[in-house]
Amino acid sequence: MNNRAEFAPAVNQKRVVVTIISDTYNFLIDTMTSAAEELTKRRGEALKISVKPDASLVTEADLASEKVIIERIKKYFPDDQIFAEESGRSSEARQPGSSVWVVDPLDGTTNYANGYPHYCISIGRGVFDSNGRIQIDTGAVYDAVREKFYFAEHGKGAHCNGRSLKVAPPRPFQESFLVTGFYYLEGPDLEREVTRFSKIVQQCHSIRRDGSAALDLAMVAEGIFDAFWELGLAPWDVAAGTLLVREAGGVTRNYPSSVGSYDIEGHGIIAGTPGTVQALARHLC
Ligand SMILES: [Mg+2]
């Protein structure tokens with residue numbers, strides 16, 4: 001993986017091969033490859049696992065991966081802010097036009113800690129707009145298990161291992177293949193989510209709950225799933241993945257309410273093909 005020439009397509013997609021010339025692309029490949037080595041070398045070991053206040057897990061691997069990423073951002077982009085899952089915000093300032101990196105060093109920690117091979121690293125870079133919102137203009141998701149590097153730049157399309165990505169073609173909702181996650185672990189909030197799940201699962205073809213929002217979104221961009229939805233995600237879960245979906249021809253919106261353009265810091269998200277997102281919004285909003 002260290003050699004960029006090794007980036008052959010992981011799947012036999014009949015899609016356009018693209019040549020990407022971008023310093024950020026090269027920076028992200030090098031950074032995420034190095035961070036992934038921290039994950040891979042600890043895989044299968046008895047990890048020190050801590051439970052965070054929101055009941056999610058953090059391991060030594062999350063921390064080691066984030067350390068690599070933050071050190072490299074500070075070295076190559078010293079003026080940029082960093083908003084990372086384990087170490088938080090480098091600054092509270094939201095100066096319009098200034099750049100910020102939104103980092104998840106390991107998305108799918110529970111999967112990783114249990115040996116379930118569905119997790120990734122997710123990094124987005126954006127700028128603060130005049131309202132203080134983060135507008136992501138570059139995003140990458142790296143699936144080290146399958147050696148798939150997903151990358152998108154605003155207005156320039158989405159790619160995986162040098163092949164362009166396109167969301168699934170339109171099809172009736174009853175044929176759709178969906179993926180979701182549950183934020184809540186107990187009580188009436190969980191019951192409400194399960195009720196929604198139950199309603200939707202009876203109307204689509206099938207649903208997965210796979211435990212890594214960033215990778216789920218990358219697979220929506222790839223055309224595997226028609227759409228993804230989840231409440232209560234953090235910006236680092238969705239920053240790169242939602243850009244991938246939009247650049248692959250899909251749409252993203254917040255829910256239950258959607259005020260103005262999509263906000264990576266909004267409460268819930270629905271992302272996928274335009275028709276599927278519209279149908280899901282009818283069930284969720
Ligand atoms: Mg994480």
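Mentor: What follows goes from the domains to the sheet, then to the core and the domain contact. Bear in mind throughout that this is a predicted model.

The protein is divided into two parts, domain 1 (4-164) and domain 2 (173-284). Their C-alpha centres are 20 Å apart.

Start with the sheet. Its 5 strands run in the order β12-β11-β13-β15-β14, and the sheet is open, with mixed pairing. At the edges are β12 (206-209) and β14 (251-255), each of which pairs on one side only. Ignoring direction, neighbouring strands are turned by 20° against each other on average.

Now take the β14 end. Here β14 pairs with β15 (residues 268-272) in the antiparallel sense, over 5 bridges. Helix α6 (residues 235-247) touches β14 and β15, and its direction makes about 35° with that of β15. Helix α7 (residues 274-284) touches β13 (227-231) as well as β14 and β15; the angle between its direction and that of β15 is about 150°.

In soluble globular proteins, nonpolar side chains tend to be buried together. The largest nonpolar core here has 69 residues, and Leu217, Ala221 and Leu244 have the most contacts inside it. Helix α5 (residues 213-221) gives the largest share, 8 residues.

Beyond its neighbours within four places in sequence, Ala221 is in contact with Tyr150, Ala158, Leu165, Val167, Leu244, Val245, Ala248 and Gly250. Of these partners, Tyr150 and Ala158 carry numbers that fall within domain 1, while Leu244 and Val245 belong to helix α6.

Finally, turn to the contact between the domains. It takes 30 residues from domain 1 and 24 residues from domain 2. On the domain 1 side, the elements that each supply at least two residues include β5 (99-107), α3 (109-113), β6 (120-128) and β8 (148-153). The largest share of that side, 6 residues, comes from β7. By type, the domain 1 side divides into 16 nonpolar, 9 polar and 5 charged residues.

Key:
Residues are numbered from 1 along each chain as its sequence is written. This is a predicted model: local features need pLDDT of at least 70, side-chain atom pairs count only at pLDDT 80 or more; totals for chains, interfaces and linings use all residues. A nonpolar core is a set of buried Ala, Val, Leu, Ile, Met, Phe, Trp, Tyr and Cys residues joined through C-beta atoms within 7 Å. A residue is buried if 20 or more other C-beta atoms lie within 10 Å of its own, exposed if 12 or fewer, and partly exposed in between; C-beta atoms are placed from the backbone. Helices (H or I, at least four residues) and strands (E, at least two) are DSSP runs, numbered from the N terminus. Two residues are in contact if their C-beta atoms, placed from the backbone, lie within 7 Å. Two strands pair if DSSP finds at least two bridges between them. Axes are lines fitted to C-alpha atoms, for helices over the stretch in contact, and angles run from 0 to 180 degrees between N-to-C directions. Domain bounds come from an automatic or database domain assignment. Ala, Val, Leu, Ile, Met, Phe, Trp, Tyr, Cys and Pro count as nonpolar, Asp, Glu, Lys and Arg as charged, and the others, Gly among them, as polar.
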